[in-house]
Amino acid sequence: MPPPALRRKVYVVGGHITKFIGAKHPDFIWKKHPEFGKKENPILEDYIYEAVNETLKATDTPAELVDKAWIGNFAGELFSSQGHLGAAVAGSNDGLYNKPIMRVEGACASGGLAFASAIDSIQAGCDINLVVGAEVQTTASARQGGDYLARASDYKRQRSIDDFVFPAMFARRTMHCMEKMDVQVEDLAKLSVKAYENANKNPLAHMHHVKMDMDLASSSSDKNPAILGNPELNPFLRVSDCSQVSDGGAALVVVSEDGLKKLGKSVSDAIELVGIGHATGNLFVDGDPLSMPTTAFAASQAYDMSTITPADVQVAEVHDCFTITEILMMDSLKLAQTGSGLDMVRNGETTLEGRVPVNTGGGLVGFGHPVGATGIKQVLEIYRQMKGQCGDYQMKNQPEIGVTANMGGDDKTAVVGLFKNH
């Protein structure tokens, strides 16, 4: 049975994305940085504060008019020794005191879930909602951080796969895709190069200053090591295939038609959400390594809720936690007019100049992946492309229809949104 259509229209009126930083970013303070010992990296509170206040400013939204707010965050207690983040949002602006604000957690889909929660609230009668996402992950070593992130898996059953659980799980997907779908190393290298090239055009991106080329991305080396200790899976993943361990935040304002009026805005100032899907898989069972049925189900919900078909989509923001995931995401969203997501990569259809540009600002591999912020950043990237605000990575023709796909765990939580420009 198809999901019901949205009873009340929903609009995104803009927001703010902080810089995403971490290793290899010039602003990230580490022991060899010239300002080491003199300056510290921003903390979780800083990213929340910036995201909230710059969003209210950018959208001309008085905090007092916000009905409700959500924050997506996965592991604040582990990386930052800080939970209770709804109260942190309230602490970012006096006008948010006593507002109903809550934290939402769904692994890497935490931001998408916060957005979906705000949509439900609009359907229930609220008019102006604030959605925030933030994560700090650089406070732990790579292996300790890998252990923290492994909490998004079935920890008891899957922790022993490798020190880096999720890279190993997606290396396993890559292995199967190479065996069954004819995915080649060069295909994944193309995706990595695209991500870095787009990030090089994006001043907010974690990898803005880092170059990638086909030779480097196509083989293991000291500059691009295969990081897995699992000998079976080691050949199937290199650093160039991985999303970034980033710190950062993002926030947006989502409103009803009445909310637009309260803010003195017109439909042309906004983009409209015309379909949304939210699906959840079984954490305790491994799925098909060749597909992402949870994401596919969420996508079918979003399409069925709207009049939009996959052929209508002109820009996409997908959850490329690893390069193989981008291919499987495109299949889940049915973006290929003929063939598959792999064919789209080989035909150059997903580049900035292609038929359906995917992850125009660099995606998780290039832009970065502060876990709780990612799902919100995706929506804002669609907004920014539709409103011509992406600067050097702006599409030649501003898109009218866009899709986002935010995923948690190994396709265990998925939120898919469909958007229309006005």
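Colleague: What is the volume of the second largest cavity?

Modeller: This is a predicted model, in which local features need pLDDT of at least 70, side-chain atom pairs count only at pLDDT 80 or more, and totals for chains, interfaces and linings use all residues. Residues are numbered from 1 along each chain as its sequence is written, and side-chain values use heavy atoms, with hydrogens and water left out. A cavity is a set of points, on a 1 Å grid over the protein atoms alone, where a 1.4 Å probe fits but cannot get out. With volume taken as the space filled by probe spheres set on the points, which are joined across faces, edges and corners, the second largest cavity has a volume of about 50 Å³.

Colleague: Which helix supplies the largest share of the lining of the second largest cavity?

Modeller: The lining (residues with an atom within 4 Å of a point) consists of Gly112, Phe115, Gly375, Gln378, Val379, Thr404, Asn406, Val415 and Gly417. At least two residues each come from H4, helix H15 (371-386), strand E8 (401-408) and strand E9 (413-421); helices (H or I, at least four residues) and strands (E, at least two) are DSSP runs numbered from the N terminus. The largest share, three residues, comes from H15.

Colleague: How many charged residues line the largest cavity?

Modeller: The largest cavity has a volume of about 50 Å³, and its lining includes Asp154, Asp286, Asp410 and Lys412. Asp, Glu, Lys and Arg count as charged, Ala, Val, Leu, Ile, Met, Phe, Trp, Tyr, Cys and Pro as nonpolar, and the others, Gly among them, as polar. The lining of the largest cavity has four nonpolar and three polar residues, and the number of charged residues is four.

Colleague: Which helix contributes the largest share of the lining of the largest pocket?

Modeller: The largest pocket (a pocket being an open set with protein on both sides within 12 Å along at least five of seven lines) holds about 1,200 Å³ of space. Its lining numbers 45 residues, with Ala142, Cys242, Ser243, Gln244 and Val245 the closest to the centre. Helix H5 (142-149) and helix H7 (165-180) each supply at least two lining residues. The largest share, five residues, comes from H5.

Colleague: Which helix gives the most to the lining of the second largest pocket?

Modeller: The second largest pocket has a volume of about 260 Å³. Among its 14 lining residues, Leu6, Ile119, Asp120, Ile276 and Met305 are the closest to its centre. Two or more residues come from each of helix H4 (110-124), strand E6 (271-280) and helix H11 (293-305). With four residues, the helix that gives the most is H4.
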